[in-house]
Amino acid sequence: MNDHDGLPDPPRREPPSLIAATAIVLSLCALGVSVLEVSSIRSEQRVGVWPYIDLSAGYNSDGFSVTATNKGIGPARVRSMQMTLDGEPVTSLDQMILDVVGPELAFSYDVYRANNPTNSVLSPDEEAVLFGVPWTPATRALTEQISRFSATLCYCSVYDECWLAVLNEGDPEPVSQCPG
């Protein structure tokens with residue numbers, strides 16, 4: 001109450017600077033929440049299209065093959081593939097076979113099947129045979145030397161996140177970009 005005239009005190013008014021500061025703080029909080037939400041949504045989108053290439057060598061009744069299988073849930077854009085023998089790049093499969101089994105057991109492309117998936121897309125659950133041979137005495141001699149052989153495949157997601165998969169080396173390793 002006001003002592004002078006018996007009237008109540010007028011309502012207190014907050015200084016304009018305090019109101020403005022409160023509005024700025026609330027706006028910054030809202031901005032922070034929005035940024036976190038967008039980041040979370042982007043992470044969920046990336047996981048929703050994550051490719052996972054498994055390179056493996058396998059034997060069955062039909063023969064021997066090296067395959068690339070997309071075990072992820074998104075498409076894998078294959079950027080490059082490299083095959084090596086004793087650590088050296090394989091430029092010709094015919095020459096590799098000749099080097100491994102010798103001229104007496106060598107065979108040519110009419111016996112084996114090969115596929116270079118570079119610049120292609122592997123859908124989820126899709127498999128590509130990189131190299132395969134049926135069972136013959138010559139191909140058995142080749143598969144006995146498979147430890148000398150390696151394959152490396154570099155692939156990316158639709159968001160250009162890339163990985164390098166190596167034959168029989170476990171999980172693919174993330175890379176900033178594919179070679180080549």
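A residue counts as buried when its relative accessible area is under 20%, as exposed when that area is over 50%, and as partly exposed in between. Serine 157, at 1% relative accessibility, is therefore buried. The model described here is predicted. It holds two disulfides and four salt bridges, and its largest nonpolar core has 33 residues.

**Serine 157 and its surroundings**

- Serine 157 lies in the loop between β8 and β9.
- Leaving aside neighbours within four places in sequence, the contacts of serine 157 are Val49, Pro51, Pro75, Arg77 and Trp163.

**Salt bridges around aspartate 160**

- Aspartate 160 pairs with arginine 77 in a salt bridge whose closest N and O atoms are 2.2 Å apart. This pair links distant parts of the chain, with aspartate 160 in the loop between β8 and β9 and arginine 77 in strand β3, 83 residues apart.
- Arginine 79 also forms a salt bridge with aspartate 160, at 3.6 Å from N to O.
- Aspartate 160 has a relative accessible area of 48%, so it counts as partly exposed. Arginine 77 is partly exposed at 22%, and arginine 79 is partly exposed at 34%.

**Salt bridge between lysine 71 and aspartate 54**

- The side chains of lysine 71 and aspartate 54 form a salt bridge with an N to O distance of 3.2 Å. Lysine 71 sits in the loop between β2 and β3 and aspartate 54 in strand β1, so that distant parts of the chain, 17 residues apart, are linked.
- With a relative accessible area of 52%, lysine 71 is exposed, whereas aspartate 54 is partly exposed at 22%.

**Disulfides**

- Cysteine 154 is joined to cysteine 178 by a disulfide with an S to S distance of 2.0 Å. The two cysteines are 24 residues apart, cysteine 154 in strand β8 and cysteine 178 in the segment after β10 (173-175).
- The S-S torsion of cysteine 154 and cysteine 178 is about -85°, which means that the disulfide is left-handed.
- Cysteine 154 is buried at 0% relative accessibility, and cysteine 178 is buried at 15%.
- The sulfur atoms of cysteine 156 and cysteine 162 are 2.1 Å apart and form a disulfide. Its torsion about the S-S bond is about 95°, so this disulfide is right-handed.
- Cysteine 156 and cysteine 162 are both buried.
- With the bonded cysteines numbered in sequence order, the pairing is 1-4, 2-3.

**Largest nonpolar core**

- In soluble globular proteins, nonpolar side chains tend to be buried together.
- Among the 33 residues of the largest nonpolar core, those touching the most other members are Ile53, Leu55, Met83, Met96, Ile97, Phe131 and Leu142.
- Two or more core residues come from each of β1 (53-60), β2 (63-70), β3 (76-85), α2 (93-101), β7 (127-134), α3 (137-143), β8 (149-156) and β9 (162-166).
- Methionine 96 is in contact with Leu85, Val90, Phe131 and Phe149, leaving aside neighbours within four places in sequence.

Technical notes:
Residues numbered from 1 in each chain as written. Predicted model: local features only at pLDDT ≥ 70, side-chain atom pairs only at ≥ 80, totals over all residues. Heavy atoms only, no water. Core = buried A, V, L, I, M, F, W, Y, C linked by side-chain atoms within 4.5 Å. Buried < 20%, exposed > 50% of the residue type's maximum accessible area, 1.4 Å probe, protein only. Helix = DSSP H or I, 4+ residues; strand = E, 2+ residues; numbered from the N terminus. Contact = heavy atoms within 4.5 Å. Disulfide = S-S within 2.5 Å.
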